[in-house]
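The following exercises are to be worked through with the sequence and the coordinates at hand. Each task is followed by a solution in steps.

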Amino acid sequence: MIGRLRQSVPAYLFLLPWFVGIVGLTIGPMLLSLYYSFTDYALLNTPEWTGLHNYTALFQDSRYLQSLKVTFIYVGVSVPLEMAFALAVAVLLNRGLKGLAVYRALYYVPSLLGGSVAIALLWQQIFGSDGLLNDVLGLFGIHGRGWISEPGTALWTLILLRVWQFGAPMVIFLAGLRQIPDEVLEAAEVDGAGRWQRFWRVTLPLLSPVVFFNLVLQIIGAFQAFTPAFVISGGKGGPSDSTLFYTLYLYQQAFGNFRMGYAAAMAWVLLLIIAVFTGLNFVLGRTWVFYGDEGVRR
Amino acid sequence: MRRVLAHAGLTAGALIMLYPLLWMITASLRPNTEIFRHPGLIPEHPTLANYALGWSSTGTSFGIYLMNSLIICAAVVIGNLLTCSLTAYAFARLTFVGRKTLFALMLATIMLPGHVTLIAQYSIFRKLNWIDTFWPMIVPSFLATDAFFVFLMVQFIRSIPVELDDAARIDGCGAWGIYRRIILPLLSPALVTTAIFSFIWTWNNFFSQLIYLSTRTRLTVPVALRGFLDATGSSEWGALFAMSVVTLVPVVVVFVVFQRRILAGMAHTGLK
């Protein structure tokens, strides 16, 4: 054992920065956050133990429940739409059209810039009552509304902003589609499969690991969305808390009200929610993801 | 015919998607009175006045914000390249006690939502007197905390033939020599991908810059931009769009130059 440990010394030296990081900036702070979540902590005081109080308070906090609802709607609507667009355009592009590289780059641009403050501010203008969208609608004689200032539509502008960034999963789909050998599709065609059948019965099952990968990634990302809601609602999550994303409410509690213990509890619940969804994905994935070693499902 | 239709559809789609961006660029070239009620793309009275106005209207030159962002980005890129490659080399090539466990631990941190460490990190950085400095943004990158890049490099190093290591060992190289002379040079495609994504993510990273920076002269581009309308105390939309365009230019330039590598890197790893 001593000998093996001695042999390990060079490796440990290489790992030293990472080790300091994972202990000092990841595991340590995680445990510390967990401790804070059981306390009343306002940054300037010493944390005071309150047991499960923060957690029970969370579920009696109507704004917290509202933030959960907003976030679930956002994730539940934007992720499937984004994936559907990404897949549809990728399939369209994969037919050996000329100019593939150009289209791919153009469709990717929104993903590249979409997370920035600049785009969120642009969104705020476009969907404002005097904004670009209403100007365009005006050309057709349609009188638009204040899309961002009305609680019924504000969240939908944020959903649209995410769907607009379908280029990133599309690029991953395209790479996946290229891995599907032409012979398989040709064989299906010879067997009399039409365009739709080939897509549903051959392309999609062979692509399912990539679909799965994208889905997991997008869900995890969407749960943590912050910048657009923060910028567009001026940090408030309004109107009427209709864009109060989970992370935005966490931010307000931590850095607006300095309820650090409460915010830490929120963070841990978020971790649990994301873990459950990811786990659920993996369990459900077994029924529809095809890894090529179990024969094509019927 | 089918092809023509497909091209027409794809071009129309791209145009609709990119229209807001194009419109923002032209809006930045319009006088303030002309921005609203003009959904078209051609400015009637093109002017660069918005750029001059926006550059100085927050009371601090926009050049300062750009410089601050650039300093943080450069430091993060260097930190990630250095420490992620050291870590990846050890995981991919060296044998040591606890390797499997530590590797699993590293992988687990990839998907970890940052909020679960946020509160405690903030209070730690506060005790270190790092609030309102660049350190909270920079130091983590020198401790290989971005496990995604470590994983990317581990995958890449595994594709480098081990025989090269053996040959170098026979020539008298130790672990450090192999890392320095064999792995690092061959790893350069993964290093470039890491550098590009580190830059773009850090440039756009709003959240940590928002919570850690407060003094006006220390603000970075996203934070300054978000406070723009408050700082100018007016609805200078033209100037705001002008500065928005300025903040997007570096990312677009990096994308145009490294387009192939970015899209290839995306396809392999699912980076965004």
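**Exercise 1. The make-up of chain B**

Task: Determine how many helices and strands there are in chain B, and what box its C-alpha atoms fill.

Solution. The model is a predicted one.
- Step 1: Chain B holds 15 helices and zero strands.
- Step 2: Along the principal axes, the C-alpha atoms of chain B fill a box of roughly 70 × 65 × 35 Å.
- Step 3: Of the 272 residues in chain B, 41% are buried.
- Step 4: Among the contacts in chain B with a separation of 6 or more, 75% are made by residues 24 or more positions apart.

**Exercise 2. Helix H11 of chain B**

Solution. 
- Step 1: Helix H11 of chain B comprises residues 188-204, 17 residues in total. The distance from its first C-alpha to its last is 24 Å, close to the 24 Å expected at 1.5 Å a residue.
- Step 2: A residue counts as buried if 20 or more other C-beta atoms lie within 10 Å of its own.
- Step 3: The buried residues of H11(B) include Phe197(B), Phe199(B), Ile200(B) and Trp203(B), as well as Thr193(B), Thr194(B) and Asn204(B).

**Exercise 3. The side of chain A that touches chain B**

Task: State how many residues of each chain are in contact with the other chain, and which helix of chain A gives the most.

Solution. 
- Step 1: The contact involves 72 residues of chain A and 60 residues of chain B.
- Step 2: On the chain A side, helix H1 (residues 2-36) gives the most, with 20 residues.
- Step 3: By residue class, this side of chain A divides into 56 nonpolar, 12 polar and four charged residues.

**Exercise 4. An annotated span and helix H13 of chain A**

Task: Compare the UniProt annotation of residues 260-284 of chain A with the helix content of that span, then find what the buried residues of H13(A) pack against.

Solution. 
- Step 1: An unreviewed UniProt entry gives the annotation "transmembrane region" to several spans of chain A, including residues 154-177 and 260-284.
- Step 2: Residues 260-284 of chain A are 100% helix and 0% strand, with end C-alpha atoms 36 Å apart. For residues 154-177 of chain A the end C-alpha atoms also lie 36 Å apart, and that span is 88% helix and 0% strand.
- Step 3: Helix H13 of chain A covers residues 260-288. Its 29 residues reach 42 Å from first C-alpha to last, close to the 42 Å expected at 1.5 Å a residue.
- Step 4: Among the buried residues of H13(A) are Met260(A), Tyr262(A), Met266(A), Ala267(A), Trp268(A) and Leu270(A).
- Step 5: In chain A, the buried residues of H13(A) pack against H1, strand E1, helix H2, helix H10 and helix H12; in chain B, they pack against helix H6 (115-127).

**Exercise 5. The largest nonpolar core**

Task: Identify which residues have the most contacts inside the largest nonpolar core, and list the contacts of Val150(B).

Solution. 
- Step 1: The largest nonpolar core has 148 residues. Those with the most contacts inside it are Met170(A), Ala267(A), Ile119(B), Val150(B) and Met153(B).
- Step 2: Helix H4 (residues 62-93) of chain B gives the most to this core, with 13 residues.
- Step 3: Apart from its neighbours within four places in sequence, Val150(B) is in contact with Cys84(B), Thr87(B), Ala88(B), Met106(B) and Ala144(B).

Note on methods: Residues are numbered from 1 along each chain as its sequence is written. Chains are lettered from A and ligands numbered from 1 in the order in which they are written. This is a predicted model: local features need pLDDT of at least 70, side-chain atom pairs count only at pLDDT 80 or more; totals for chains, interfaces and linings use all residues. Two residues are in contact if their C-beta atoms, placed from the backbone, lie within 7 Å. Helices (H or I, at least four residues) and strands (E, at least two) are DSSP runs, numbered from the N terminus. Ala, Val, Leu, Ile, Met, Phe, Trp, Tyr, Cys and Pro count as nonpolar, Asp, Glu, Lys and Arg as charged, and the others, Gly among them, as polar. A residue is buried if 20 or more other C-beta atoms lie within 10 Å of its own, exposed if 12 or fewer, and partly exposed in between; C-beta atoms are placed from the backbone. The expected span of a helix is 1.5 Å times one less than its number of residues. UniProt positions are given in the numbering used here, feature names are shortened, and annotations may be inferred rather than shown by experiment. A nonpolar core is a set of buried Ala, Val, Leu, Ile, Met, Phe, Trp, Tyr and Cys residues joined through C-beta atoms within 7 Å.
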